[in-house]
Amino acid sequence: MKTTARRVGIALTAASLVLTGCGRDDDEPGGTESVPGVTSEPCPEAVDQEKGCIYLGTITDLTGVFKGVGVPLTEGQKAFWAKVNADGGIGDYEVDVTKFTKDNQYNPDTHATVFAEIKDEILALGQSLGTAHTNTILEQVQDDSILTLPASLGSNWIFEDGVIEVGTNYCAEAMNSVDAAVDGGAKSVAAVHFPGDYGDDAMVGARIAAEANDLKFTDIPTAPGQEAQGAAVTALLKAKPDVVIVSTGPIEMAAIVGGAAAQGFTGKFIGSIPSWNAAVLESPAGPAIAGLYRQATSFGTWDSDTPGHEAMREAAAAAKQVPNDWYMIGWAGGYIMKAALEAAIEDDNLTREGLVEAAAALTGVDGEGMLPEGSGNYAGDPNERVVRATSLNKVDDKTSSKVSVDTEAFTGPTAEGYDFQEPCYLQK
Amino acid sequence: MSSVIPRRLLGGRVIGRPSLYTSYKQDMSFFDTLPKLFGVLAIVLVAAYLPMTLEDNLLKLLGTGFVLAVGAIGLNLVTGYAGQVSLGHAFFVGVGAYTAAVLAGDPDGRYLGLGITFAPLWILAAGVAAAVCGAVVAPLATRLRGLYLAIVTLGLVFIGEYFFGEWTELSGGANVGRDAAEPVLFGNDLTRDGAYTSEQKLYWFFLAVLVIFAVIARNLARSRVGRAFAAVRDRDIAAGVMGVNLAKYKLTAFTISSFYAGVAGSLLFAANGHFSPEQFNLLMSVQFIAMVLIGGAATISGSIMGAMLIALLPRITGELPGLVGFISSSAIEHPNIFEVEQILYGVLIIAFLIFEPRGLFGIWLRVRTYWKSFPFSY
């Protein structure tokens, strides 16, 4: 019995090795035609069997610490393309974003490994989650002309070719948040943030705006984890800023806002997109958050009255998806990739190089109201390319996503005039 | 028959009776039996030929496996041979990775860099820097053993994570990272496609490095030092009584092991070209321990097999669920392939330790015994 089990085990392992280890194939794989990721065969789940298929890769976090971001983002993206396909696809093609979906477990090495697995099979990367992660494959995607849409709002992407970033970066967003606070009479500001591309990016933006407005600025770095926020709360109580820019996860944000409020702190909090999740309202910190917190974003709210949001809500309702910012951003990013694909088809050059060229020539993308003003200008230099608009949301029980617009999209004077020379997070 | 093969090579061996040793020298030799000699040669030749037949993405995995194998051999020297449990291997790998990145880094770049591009130089320097750290830690090992040593070396990982994360001129900072050292050999940048693809070139380079370091480790293990390691492992008090200098050999074990870790670290990220400080975490240490246990403690070939399996495991577990129909490929349905992939990883490790405690090396031993006594094996 034991030996049988062992033999079966060994046979399975051997079989799997044989199955995974296909032979070396030096001619262009990924379909019958010469362009990787473009086939005249229909997509696996094609609506119209007459159309060809464009395969986009997705490398995201489905099981790691950011699966709360990666999973809804991927679903939103999937829903967007399902609608595009149902509406007749793009040119003679439909688009598949599911066949080459890989989990990076939020590990840069895994990211690079799974990228190597799919890179010969895809036309472009519809989603690449994580800054360090995308940087790990950046040289390769640029060398191989694989157009990449990073699921990362760092301020570094505006300096890269072959990358189509979406939305306002954390740095410009924090500048706008501080400018808005100054309009509200704030005299001092603090930034509580994670280390790295996300938190440092927002912190540097807040610091730049604080200097421009002559505010007292306090930098309070903090680590992930609810229990790790005690020191940040203490530092806040000591600095007593009028406004706090929070760039952490929702759990940490709740611990900080709740902890500070419990000790009599009355300053306002403005958080970056990832600091928000409606579930925090159920936590003991809920009332404090409802009173003190606002979310900075460039993608509107779930209930926004635009054709894009409308279509997204319909698709989400059909899929029983609860309102989620990342689902919304996944959907919104689709408009950019769609515009690039359409431009490449219009140029009659649906190849990797053609797609990169078409994307680099875009001067604007119509996101049916879902993309912030100034989106999709990849033809310009970094300062023309960067998106600078931000809106502020306040907690609102009456809406489905528990937030409603408090300050309509605006660009503050600091962000408006700022000259982006290098990624903000590198200037910490 | 014996006249066909030069006598020098045979060294008193009797053809057809590979296990019959006729001299002490033969018992102690690098390849104690002829089949072993030819077997190893055949494996190396096959391995060297693989890049001509396999796909690049598989070569990349195998290449990473070779580098991991160098690190695993290092851990096996200190843990398998000398019996000193170390959970701090990731720290030494990190020291190696950063030493190499700094030496080979762009002097005008944002991060520390000295612009020394000659690969062998920064590989050895990475080993030396890690070895120095190992030597500093080693005295602890003479005071502690077993679980206590494990916990102390565990502390190293956390100290390392802090330093690597905070020293941004060195590492680029958490979640940002910096570029890894690019292996350039005599003007040939191995990370660029040329007549051969970068995956092929790196594979051959890593294979060569592995062969060199495996031979050195095997030599060490069968020498006076190796026997001293084994004596310390089996009972350090008894070893001390026999005249083995415990402090000296524990120091040696840690230093050499760290050297191997440093070398592995310098090359581990060459294929990807970019790495960030949170990668040198406890998980990495645990993976090296898993390689040693799955491969087989106190065997060099086992370390290599273990490292190859761990390197290929994500690929194997990634493909398996696709063969089973009822597992969803959508991340919002449960169970989905991504979850199963993670679980399988754990299940395989547990299954190995239960069914094959001697590791992959144990399987090989059994296969060997089976064929040796064929057709009368039972």
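In this predicted model, chain A folds into 14 helices and 13 strands. Its radius of gyration comes out at 23 Å, close to the 22 Å from the globule rule for 428 residues, so chain A is as compact as a globular protein of that length. The C-alpha trace of chain A covers about 65 × 65 × 40 Å along its principal axes. On the burial count, 58% of the 428 residues of chain A are buried. As for how the chain meets itself, take the contacts in chain A between residues at least 6 apart in sequence: 69% of them link residues at least 24 apart.

Strand β9 of chain A, residues 243-247, makes a handy way into the fold. This strand is mostly covered, with five of its five residues counted as buried.

Strand β7 of chain A (residues 188-193) runs parallel to β9(A) and is joined to it by five bridges; here Val192(A) sits opposite Val246(A). Strand β10 of chain A (residues 268-271) is likewise parallel to β9(A), with four bridges between them. Val246(A) turns up again in this pairing, with Gly271(A) in β10(A) as its bridge partner. To get from β9(A) to β10(A), the chain passes through helix α8 of chain A (residues 250-262), and this β-α-β crossover is right-handed.

Further along comes helix α11 of chain A, which takes in residues 325-346. From first C-alpha to last, this 22-residue helix reaches 32 Å, close to the 32 Å expected at 1.5 Å a residue. α11(A) is mostly covered, as 17 of its 22 residues are buried. After the helix comes Asp348(A), which has a positive phi, near 55°.

That leaves the interface. In the predicted assembly, 33 residues of chain A are in contact with 31 residues of chain B. On the chain A side, the elements that supply two or more residues are α1 (2-20), α2 (67-86), α3 (108-118) and α4 (131-143). Of these, α3(A) gives the most, at seven residues. Sorted by class, the side of chain A that touches chain B holds twelve nonpolar, twelve polar and nine charged residues.

Definitions and conventions. Residues are numbered from 1 along each chain as its sequence is written. Chains are lettered from A and ligands numbered from 1 in the order in which they are written. This is a predicted model: local features need pLDDT of at least 70, side-chain atom pairs count only at pLDDT 80 or more; totals for chains, interfaces and linings use all residues. Two residues are in contact if their C-beta atoms, placed from the backbone, lie within 7 Å. Ala, Val, Leu, Ile, Met, Phe, Trp, Tyr, Cys and Pro count as nonpolar, Asp, Glu, Lys and Arg as charged, and the others, Gly among them, as polar. The radius of gyration is taken over C-alpha atoms; the globule rule is 2.2 Å times the number of residues to the power 0.38. A residue is buried if 20 or more other C-beta atoms lie within 10 Å of its own, exposed if 12 or fewer, and partly exposed in between; C-beta atoms are placed from the backbone. The expected span of a helix is 1.5 Å times one less than its number of residues. Two strands pair if DSSP finds at least two bridges between them. A crossover is right-handed if, with the strands pointing away from the viewer, the path from the first strand over the helix to the second runs clockwise.
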